[in-house]
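Please open the model in your viewer and follow the selections below in order. Each stop names what to select and then describes what is there.

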Amino acid sequence: MWTSGIPAGEVTPKSVYLNRRRFLGAMGGLAAGRAAFAAKLTGAKSPYSTSEKQTSASDVTHYNNYYEFGTEKTQPADLAKNFKTVPWSVSVEGEAGKKQVYSLDEILKLAPLEERIYRHRCVEGWSIVVPWIGFPLNVLLRRAEPTAKAHFVAFESYYDPRQMPQGKYAGIPLPYVEGLRMDEALHPLAILAVGMYGETLPNQDGAPIRLVVPWKYGFKSIKSIVKIRLVEKQPPTTWNIANAHEYGFYSNVNPEVDHPRWSQATERRLGEFLRRKTLKFNGYGNDVAQLYAGMDLRKSF
Amino acid sequence: MCLIPLGLLLWRGTHDGLGANPIEFITHATGDWTLRFLVLTLAVTPVRKLLGRPQLVRFRRMLGLFAFFYGCLHFLTYVWLDKFFDVQAMLADVAKRRFITIGFTAFVLLIPLALTSTAGWIRRLGGRRWQALHRLIYVSAVAAVVHYYWLVKSDIRLPVFYGALVGMLLLWRAVNRRKAAPASASRTTQPEPAGNG
């Protein structure tokens with residue numbers, strides 16, 4: 001267990017962080033869309049990181065499924081440019097002894113930031129390797145003091161039709177919601193990410209705070225979180241609402257269980273020419289397989 | 001001019017303009033252009049009748065062949081760049097994935113049309129039979145739209161849009177069937193005398 005955390009001098013002081021954003025915002029933003037509002041972030045190294053080759057930041061910031069900002073992969077980088085992520089608050093509520101509304105700065109102080117280089121596998125059949133910066137979700141959850149009835153964690157994304165006019169064409173109900181079983185949510189692999197590639201999250205990648213659950217299909221890693229609610233019953237999840245036949249609650253990466261319309265046996269790693277074999281639990285089976293012992297993963301897909 | 005889309009793709013390919021997932025981009029682009037050329041081909045007859053410009057029929061064969069051309073590129077992208085000639089994987093796909101089955105059908109239906117697109121074949125088959133055969137483009141176009149509709153995740157706007165276009169073009173034919181004179185191949189493939197609808 002690393003105890004060093006981040007040296008005090010490396011964490012961007014709040015005033016500088018906010019002012020940098022306002023300054024860059026006043027400049028009208030930069031063409032790339034990614035560097036426009038970025039502030040530097042550092043995360044301590046983690047044994048959970050993979051040593052696989054990281055996908056280029058340019059690819060990860062210009063190939064996004066963020067339907068609130070358009071359903072084409074290249075749209076969010078453009079349309080999310082003016083997405084207002086300051087100020088931001090995350091409300092922790094529900095079956096919690098300590099309900100609280102956190103500002104982003106308060107969240108950043110909850111735990112030392114770590115760098116987690118994770119494989120990220122989309123249900124569509126492509127994958128990337130991303131150096132996220134964040135901390136385990138369980139830190140926030142434990143602080144909330146889950147009651148005995150807190151069996152699941154439900155998440156909700158920000159939704160504003162005025163900032164997200166493309167949302168009505170998304171074909172999925174909004175605001176975007178997701179959920180995890182409590183033991184999944186408490187697993188050290190599940191993180192709340194506030195940055196990537198050494199900077200704060202770009203808007204199109206789920207700024208300012210998102211979930212990353214690397215053993216599940218990417219759509220479970222909900223972006224731009226505003227609510228985290230501890231609940232007793234399995235919560236609704238957006239893609240399951242949109243199409244229950246194709247998208248299940250668990251959505252663990254599994255080459256043995258095909259999507260009804262396409263195979264999940266292989267994936268295209270962005271930047272590579274040939275497709276690769278998909279790994280069960282996206283290669284995190286050693287860490288998470290036990291969570292699903294005895295479950296029929298074909299039924300509970 | 002019909003080669004411009006291909007030119008654009010090649011240009012993008014050499015200028016890093018295909019995005020983060022180039023094979024997906026090429027697959028979608030070639031698919032889009034196949035569908036667009038199918039629609040354009042189907043539009044020739046209604047347009048030439050409505051505008052009273054029978055000579056526009058000259059473009060019909062070229063547009064149809066370009067639809068087949070982009071269809072070949074689309075199919076080749078799938079076979080080569082996506083499946084890398086893995087025949088077993090492809091057969092599994094065609095058998096199991098509805099949208100691949102119907103896409104494959106749409107493509108295969110165009111093959112006899114491409115092969116018999118010349119005037120020589122009209123003579124060989126006889127006008128009536130040639131025309132009947134080439135009506136397969138209606139089936140191919142519908143299959144292509146359904147292929148598109150069945151492959152999108154949730155945003156159905158474009159498939160529905162193309163479906164509406166194809167639907168209108170087929171509806172026009174259904175409505176005008178009663179009005180039209182009995183089919184005579186020589187009239188539909190050669191420039192007609194001015195004034196003749």
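Predicted model: local features only at pLDDT ≥ 70, side-chain atom pairs only at ≥ 80, totals over all residues.

Select helix α8 of chain B, residues 136–151; helices are DSSP runs of H or I with at least four residues, strands are runs of E with at least two, and both are numbered from the N terminus. The expected span of a helix is 1.5 Å times one less than its number of residues.

Residues are numbered from 1 along each chain as its sequence is written, and chains are lettered from A and ligands numbered from 1 in the order in which they are written.

Next, colour the buried residues of α8(B), among them Ala144(B) and Tyr148(B). A residue is buried if 20 or more other C-beta atoms, placed from the backbone, lie within 10 Å of its own. Which helices cover them? They include α2 (22–50), α5 (98–115) and α9 (157–177) of chain B.

Now move to chain A and select strand β6, residues 177–181, where 4 of the 5 residues are buried.

Finally, show both chains: 17 residues of chain A are in contact with 12 of chain B, contact meaning C-beta atoms, placed from the backbone, within 7 Å.

How values were computed
Contact = placed C-beta atoms within 7 Å. Buried ≥ 20, exposed ≤ 12 C-beta atoms within 10 Å, placed from the backbone.
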